[in-house]
Amino acid sequence: MSQYSDEIKLRRTFAIISHPDAGKTTLTEKLLLFGGAIHVAGAVKSNKIKKTATSDWMEIEKQRGISVATSVMGFNYNGHKINILDTPGHQDFAEDTFRTLTAVDSVIIVIDGAKGVEAQTRKLMEVCRMRKTPVIVFINKMDREGQDPFDLLDEIEEELQISVRPLSWPIDMGQRFKGVYNIYEQGLNLFTPDKQRITESVAFKDLSSPELENYIRHSQAQKLRSDIELIDGVYPEFDRETYLKGEVAPVFFGSALNNFGVQELLNCFIEIAPEPQPIQAIERKVDPHEEAFTGFVFKIHANMDPNHRSCIAFVKICSGKFERNVNYKHIRLGKMMRFSSPTAFMAQKKETVDEAYAGDIIGLPDTGNFQIGDTLTSGEELHFKGLPSFSPELFKYIENDDPMKAKQLSKGIDQLMGEGVAQLFTNQFNGRKIIGTVGQLQFEVIQYRLLHEYGAQCRWDPIHLYKACWIESDNKESLDNFKRRKSQYMAKDIAGRDVYLADSGYVLTMAQQDFPDIKFHFTSEF
Ligand code: G4P
């Protein structure tokens with residue numbers, strides 16, 4: 001415990017994740033509405049221009065209307081400080097989302113009640129499972145015809161491999177949607193399709209009471225009674241500890257667009273969701289309540305202000321208190337730095353802050369000092385873990401298309417890779433640079449940004465590769481032998497690690513068989 005513990009305990013830092021179009025943006029907006037952070041529905045997403053000015057800063061967003069950027073929104077609610085980390089839904093930016101998940105203590109997954117579990121939800125849940133992140137599920141769009149809620153729960157359990165426990169239950173759906181029964185608080189919430197109204201709930205403990213029929217039709221009341229009985233029979237009672245271990249996901253139903261079921265979700269969230277949790281560094285585990293400040297960079301955002309070419313490094317505070325104009329150690333560079341204009345993200349504004357606590361996210365204006373994964377401390381030599389790069393799926397040679405701008409191109413590539421936009425491998429045989437991504441869109445973003453931010457023109461040349469593997473071995477001779485034999489396929493990543501670029505699954509399997517002393521890793525952290 002430290003003198004800051006009371007502050008730290010109030011923090012709830014989480015991400016909302018979903019397959020595109022399930023309603024993540026809409027839900028975020030409604031949460032902000034409850035927090036008083038915005039005053040009208042539609043403020044976050046009423047049109048593309050406003051949207052660009054608030055949660056998405058990048059020019060490219062305007063061009064494509066895809067939520068490329070990860071942004072942070074903080075607000076106060078019932079004495080708690082809530083930090084929502086937004087994540088890009090587009091699968092080509094999955095790495096960005098994975099990294100954001102390293103900076104949160106819990107997650108809300110939004111699922112479209114008609115579509116059920118979709119590809120991107122599955123992938124993101126894998127990361128949550130790996131990290132044992134506590135997850136709450138919000139099943140959205142209950143105002144539309146969707147799947148049977150019991151079927152949805154089965155699907156979630158099966159596809160996301162997590163036990164579920166409904167804490168609210170829909171009364172019918174689509175045109176006949178009447179509302180939800182709040183199992184957690186034992187209240188009946190009746191639905192009026194109204195995008196602005198904040199609904200009130202009627203306390204209703206005894207569902208067997210005939211009074212239920214005063215609110216909903218007899219057939220609906222009967223169905224609700226039998227559904228709740230079934231739920232209580234099938235699903236074990238909700239246990240917060242099991243949720244905090246990431247073993248069971250409480251489930252809520254509602255309609256974000258109609259602002260329905262959102263406040264119930266939020267009220268329950270602040271009660272059960274975890275406060276800032278300890279974070280593992282290579283050297284030791286860091287407790288948020290430690291006195292000394294520590295934090296790491298999980299995201300670098302370029303050119304938020306089109307008037308100057310600067311970046312913002314997003315730092316998750318892992319312990320203690322961060323203060324403006326105090327010297328902190330940048331561990332990778334081994335130098336002390338102080339920050340005169342750190343920003344906090346409240347609602348849609350970013351503003352300069354004097355202090356921030358464990359659990360908070362701050363933005364540090366940067367001109368190239370930071371890379372993803374960098375650690376800042378009050379002086380201790382610490383390195384936070386858990387920001388792995390995965391083997392990319394797509395690879396292309398990047399070539400200079402304007403001989404006068406070679407320097408700009410090289411600088412641009414270095415900075416974009418430091419931001420984690422994609423991965424760079426330098427082939428040790430011919431010195432050519434290879435960019436690896438998880439989606440085609442990243443190549444377009446890189447090309448666009450090199451041109452608009454660095455004035456450099458690049459060209460993509462094809463290269464046929466299957467996987468990038470980070471290799472290591474205790475047997476130096478064997479490693480050297482492998483590197484010689486595969487010299488055409490050996491590369492270095494930006495940290496100077498040896499990477500083998502396998503051109504097919506077959507070749508990789510053969511290499512694994514022929515060189516049993518060598519370990520092939522598919523992520524950069526092992
Ligand atoms: P995303 O961030 O997960 O991609 O989803 P987003 O919130 O943008 O929502 C995707 C679409 O689903 C939007 O419609 C939104 O209005 C709609 N939506 C969200 N919640 C609900 C809900 O509870 N019920 C219904 N019926 N629809 C919902 P759109 O037409 O794509 O955009 P817009 O023009 O309405 O903004």
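R449 is buried, at a relative accessible area of 4%, where buried denotes under 20% relative accessible area, exposed over 50%, and partly exposed the range in between (1.4 Å probe, protein chains only). In this predicted model, local features require pLDDT of at least 70 and side-chain atom pairs count only at pLDDT 80 or more, whereas totals for chains, interfaces and linings use all residues. Residues are numbered from 1 along each chain as its sequence is written, and side-chain values use heavy atoms, with hydrogens and water left out.

R449 forms a salt bridge with E453, the closest N and O atoms lying 2.8 Å apart; a salt bridge is defined as a side-chain nitrogen of Lys or Arg within 4 Å of a carboxyl oxygen of Asp or Glu. E453 is likewise buried, at 16% relative accessibility. Both residues belong to helix α13 (residues 440-454) and, because they are 4 residues apart there, about one helical turn separates them. Helices (H or I, at least four residues) and strands (E, at least two) are taken as DSSP runs and numbered from the N terminus.

Another salt bridge joins K329 to E381, with 3.0 Å between the closest N and O atoms. K329 is located in strand β17 (residues 328-330) and E381 in the loop between β23 (375-377) and β24 (394-400), so the pair ties together parts that are 52 residues apart in sequence. K329 is buried, with a relative accessible area of 19%, whereas E381 is partly exposed at 42%.

In the pair R176 and E145, the closest N and O atoms of the salt bridge are 3.2 Å apart. This pair also links distant parts of the chain: R176 occupies the loop between β7 (168-171) and β8 (179-182), and E145 the loop between β5 (135-140) and α7 (149-160), 31 residues apart. R176 is partly exposed at 36% relative accessibility, and E145 is partly exposed with a relative accessible area of 46%.

The count of salt bridges in the model comes to 27. A network of salt bridges links E399, D401, R432, R459 and D461.

For the chain as a whole, the secondary structure comprises 15 helices and 31 strands. Of its 526 residues, 57% count as buried. Among contacts (heavy atoms within 4.5 Å) between residues at least 6 apart in sequence, 70% join residues at least 24 apart. The chain exposes about 22,400 Å², of which carbon and sulfur atoms supply 47%; accessible areas come from the Shrake-Rupley method with a 1.4 Å probe, and for residues only the protein chains shown count as cover.
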